[in-house]
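Subject: Structure handover

Hello,

Here is the structure we talked about. Please open it first, then read my notes below.

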Number of protein chains: 2
Amino acid sequence: MIINLARRAHNHNFELDPIIRSVLDTDFYKLLMLQLIWKEFANTHVTFSLVHRAGDTPMAGVVDPDELCAQLDHVRKLRFSKSELIWLAGNTFYGKRGIFEPDFLDWLEHGFELSDYDIVAHGEQFSLHFHGLWPQTTLWEIYALAIVSELRTRASLKYLTEFELDILYARAKAKLWGKVEHLRVEPDLRISDFGTRRRHSFLWQEYVVNAMTATLGPSFTGTSNSYLAYKLGLEAIGTNAHELPMGLAALARNDDELRTAQYSILEMWQNTYQGALHILLPDTFGTTQFLHNAPDWLADWTGQRADSKDPFIAGDEYIDWLQARGRDPRQKLFIASDSLDDDLILRLHQHFAGRIRFSAGWGTLLTNDFRGCNPQTGPTRANFTPPRTVCKLTEVEGRPAVKLSDNYLKALGPPPEVERYRRIFGSAGMANTPIRT
Amino acid sequence: MIINLARRAHNHNFELDPIIRSVLDTDFYKLLMLQLIWKEFANTHVTFSLVHRAGDTPMAGVVDPDELCAQLDHVRKLRFSKSELIWLAGNTFYGKRGIFEPDFLDWLEHGFELSDYDIVAHGEQFSLHFHGLWPQTTLWEIYALAIVSELRTRASLKYLTEFELDILYARAKAKLWGKVEHLRVEPDLRISDFGTRRRHSFLWQEYVVNAMTATLGPSFTGTSNSYLAYKLGLEAIGTNAHELPMGLAALARNDDELRTAQYSILEMWQNTYQGALHILLPDTFGTTQFLHNAPDWLADWTGQRADSKDPFIAGDEYIDWLQARGRDPRQKLFIASDSLDDDLILRLHQHFAGRIRFSAGWGTLLTNDFRGCNPQTGPTRANFTPPRTVCKLTEVEGRPAVKLSDNYLKALGPPPEVERYRRIFGSAGMANTPIRT
């Protein structure tokens with residue numbers, strides 16, 4: 001066997017193994033939101049912050065801050081490639097070509113750049129802050145989360161021998177396959193990959209997405225990861241997230257503007273995108289108040305994504321609301337995206353069958369479920385628990401951004417401001433649910 | 001990434017992927033027996049035959065006879081390499097250097113060759129026959145079995161996609177690891193690999209042996225595969241097998257010579273090998289009669305291997321016999337080598353703890369356990385059941401060779417001849433036990 005001498009030498013040479021290698025390696029909804037932000041909020045100054053949820057594994061002593069900086073610096077140097085821009089321009093998204101406007105694509109090519117970052121150490125954790133114009137900061141969310149997640153994976157992988165690594169991945173593959181076999185019994189399922197942000201690693205996410213593609217047939221509808229969609233010819237999945245209503249709400253000059261921000265932002269969305277992209281995410285300040293006060297045109301939207309409420313309750317509530325508004329729920333789509341795993345997906349599918357179209361946005365437990373896979377035993381063994389990190393909009397033009405969500409434990413913002421939002425939006429339908437990942 | 005163009009081109013060029021690539025890729029006991037056969041039976045004409053046990057998966061339509069011939073032809077061209085001969089001469093086997101005599105090593109280098117072969121198709125199976133001088137035929141046993149086993153593996157692998165192959169091996173690794181974890185709780189275990197003949201493939205056996213080496217520590221005592229012992233620096237394990245008493249018995253000119261053949265061959269063994277290599281295999285014509293009539297010097301031998309009797313009964317019988325002969329069983333070794341798996345190994349270890357040294361020769365269920373690993377479903381899926389093939393001495397100087405064994409289902413030979421042997425040896429302690437693999 002003739003050795004590839006150049007590769008062997010190169011493998012001993014390289015200084016950085018980049019985690020993010022393409023600007024597209026982000027959730028597709030970030031690109032959709034970026035276009036809206038670029039149009040409507042090009043000059044708005046914001047801050048995104050990466051923070052750890054309570055109980056997260058410490059990063060200090062595990063992740064080297066210099067390595068973290070090297071990874072973040074690498075992302076700042078990335079630009080959209082020619083082929084990636086052509087794909088954004090020429091590809092069909094949600095059945096429609098040309099959803100990205102030529103001026104926006106031109107800006108992606110010539111004007112796009114990412115803001116600088118600050119690392120702040122506090123106790124056992126680092127937090128990251130990204131200050132800048134909204135179009136320069138929003139994409140940091142997924143890059144930062146995926147980098148932190150994979151750096152922690154790499155730190156754990158270091159403790160395993162080559163053979164232990166082989167067993168780790170063999171078990172993870174066997175486990176993934178167990179889930180696939182479990183799900184294959186139900187051909188009407190609709191599942192997509194939503195697992196970029198807290199993935200084990202890029203390569204593992206790619207493996208998982210390839211596995212789902214190869215085996216689930218039409219039940220696997222695509223991936224939220226734009227780069228994997230581009231590379232593998234899959235549907236890019238996703239629409240919008242909390243940062244939009246949070247941002248507009250933070251800019252509100254009075255309580256009335258605050259109350260209507262959650263709807264005004266969707267009017268802007270409607271001016272930019274059509275049809276299948278009209279998916280509500282109603283839980284930013286509480287789903288129950290959102291639906292109760294919603295203008296009637298929102299009942300014409302295509303569907304709803306539930307991200308913090310018990311999805312059985314959220315789906316039933318949406319169905320009731322549609323019926324009360326005289327719409328047929330069987331024409332609508334209900335997407336669950338919070339802490340899903342194979343068993344919950346099947347139960348939700350059964351619960352909603354024939355009542356509303358159901359789709360699962362499967363996240364961390366698809367792309368980072370290594371429970372029981374580590375062959376090491378004992379208290380000092382490496383830890384493959386996914387991080388409990390979020391990266392959220394925290395400030396807009398100097399004013400705090402707030403999220404209430406349907407789960408008290410997922411609320412974000414300074415306590416007095418959260419109090420003010422609760423006074424305005426109430427807390428109907430909210431609950432205390434432990435956050436799994 | 002720079003492609004290794006030469007390798008890519010070569011991978012499209014090659015005509016044969018040889019299964020057996022070294023003459024050493026055989027059970028170590030074949031080499032020990034070969035030396036004795038070379039000394040004592042150099043001019044004896046014998047036949048080895050590869051036959052299928054009842055219920056074996058058909059080979060016709062699965063294995064291409066041309067491919068089988070190409071593999072067998074490749075083996076005939078192999079010779080011992082310089083380094084291999086030096087290893088045989090210079091390595092310590094069972095604590096002793098120089099167990100292979102210079103004249104024998106010289107013959108291995110200059111005189112060794114394998115006989116020709118005949119393929120006979122009957123019904124859904126092929127059988128193989130090897131006629132020639134005993135030293136030219138004996139090594140065919142393991143080569144032929146390993147070739148048939150791996151050709152069947154390859155035939156099944158053809159039906160799997162790349163992704164399905166990946167899952168197959170991931171599951172097999174996870175399964176192997178489950179067994180290792182099960183066995184690791186008992187640090188006093190002694191296990192060696194006896195799985196060459198019906199292995200899934202050479203590479204899988206190598207993986208398994210590496211895994212055991214990396215994780216079981218001193219509990220993994222070595223491998224019966226001489227090539228893997230040579231390549232990986234492990235202990236080569238094994239002593240002798242049924243072909244020796246079967247051969248001498250077939251040559252017996254009368255019933256008295258037949259009765260004593262099973263002991264005479266061990267005298268020859270004793271003249272060639274010492275100490276740790278003195279392991280009885282008493283079941284060729286039935287263990288109970290063997291022990292009952294054995295000359296007393298056999299109670300001085302190091303241990304016994306049980307290959308066809310329920311190993312709990314065989315071990316207890318050996319212990320009782322040693323005590324009746326005034327020997328301390330705790331100084332002796334009892335080896336089980338028939339249809340072992342992790343659970344049975346642990347139960348046998350517990351059963352014999354403190355009473356006799358116990359060692360497990362783990363075969364097919366170590367190197368070819370793919371039960372439940374195939375990701376394909378349905379009746380047409382590929383089959384990874386290990387073959388139920390044996391390759392045995394069937395004729396010596398025109399006279400049939402016979403094995404009775406402790407299991408009626410494992411008896412070999414023409415029925416009238418088996419009858420004659422049964423008349424002479426009786427059937428004390430024999431049983432009907434289904435053959436697992």
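Which strands of chain B does helix 15 of chain B lie across? Helix 15 (residues 342-352) of chain B lies across strand 6 (191-193), strand 10 and strand 11 of chain B. Its direction is about 165 degrees to strand 11 of chain B.

Before going on, a word on confidence. This is a predicted model. The mean pLDDT of chain A is 95. In that chain, 99% of the residues reach 70 or more. For the complex, the predictor gives an ipTM of 0.87 and a pTM of 0.91. Where pLDDT is low, the predicted coordinates should not be read in detail.

The parallel sheet of chain B

Back to the strands under helix 15 of chain B. They belong to an open sheet of 6 strands in chain B, in the order 7-6-11-10-9-8. The pairing is parallel. Strand 7 (220-223) and strand 8 (279-280) of chain B are the edge strands. Each of these pairs on one side only. Inside the sheet, strand 10 (residues 333-336) and strand 11 (residues 357-362) of chain B run parallel and are joined by 4 bridges. One residue pair to look up: B:Ala336 has B:Ala360 in strand 11 of chain B as its bridge partner.

The antiparallel sheet of chain A

Chain A has an open sheet of 5 strands, in the order 4-5-1-12-13. Here the pairing is antiparallel. Strand 4 (118-122) and strand 13 (399-400) of chain A each have a single partner strand, so one side of each is left without a neighbour in the sheet. Strand 12 (residues 389-396) and strand 13 of chain A run antiparallel, with 2 bridges between them. A:Val396 stands opposite A:Arg399 in strand 13 of chain A.

Two helices to find on this sheet:

- Helix 7 (residues 140-157) of chain A lies across strand 1 (45-52), strand 5 (125-133) and strand 12 of chain A. Helix 7 of chain A runs at about 150 degrees to strand 12 of chain A.
- Helix 11 (residues 243-251) of chain A touches strand 1, strand 12 and strand 13 of chain A. Its direction makes about 25 degrees with that of strand 12 of chain A.

A helix pair in chain B

Look next at helix 3 (residues 65-77) and helix 7 (residues 140-157) of chain B. Their axes come within 11 Å and cross at roughly 145 degrees. The crossing is right-handed. From helix 3 of chain B come B:Glu67, B:Leu68, B:Gln71, B:Leu72 and B:Val75. They meet B:Tyr143, B:Ile147 and B:Leu151 in helix 7 of chain B. By class, this contact has 6 nonpolar, 1 polar and 1 charged residues.

How the two chains meet

A rotation of 179 degrees, with 0.1 Å of shift along its axis, superposes chain A on chain B. The RMSD is 0.0 Å. The two copies are thus related as by a two-fold rotation axis. Both copies use the same surface: 100% of the contact residues of chain A recur in chain B. Of the residues of chain A, A:Ala170 comes closest to the axis, at 2.0 Å (C-alpha).

In the interface, 17 residues of chain A are in contact with 17 residues of chain B. On the chain A side, helix 1 (5-13), helix 8 (162-184) and helix 9 (202-216) each supply at least two residues. Helix 8 of chain A gives the largest share, 8 residues. By class, the side of chain A that touches chain B has 10 nonpolar, 3 polar and 4 charged residues.

Best wishes

Notes: Residues are numbered from 1 along each chain as its sequence is written. Chains are lettered from A and ligands numbered from 1 in the order in which they are written. This is a predicted model: local features need pLDDT of at least 70, side-chain atom pairs count only at pLDDT 80 or more; totals for chains, interfaces and linings use all residues. Copies are superposed by least squares on the C-alpha atoms of residues with pLDDT of at least 70 in both. Two residues are in contact if their C-beta atoms, placed from the backbone, lie within 7 Å. Ala, Val, Leu, Ile, Met, Phe, Trp, Tyr, Cys and Pro count as nonpolar, Asp, Glu, Lys and Arg as charged, and the others, Gly among them, as polar. Two strands pair if DSSP finds at least two bridges between them. Axes are lines fitted to C-alpha atoms, for helices over the stretch in contact, and angles run from 0 to 180 degrees between N-to-C directions. pLDDT is the predictor's confidence in each residue, from 0 to 100. A crossing is left-handed if the near helix is turned anticlockwise from the far one by less than a right angle, and right-handed if clockwise.
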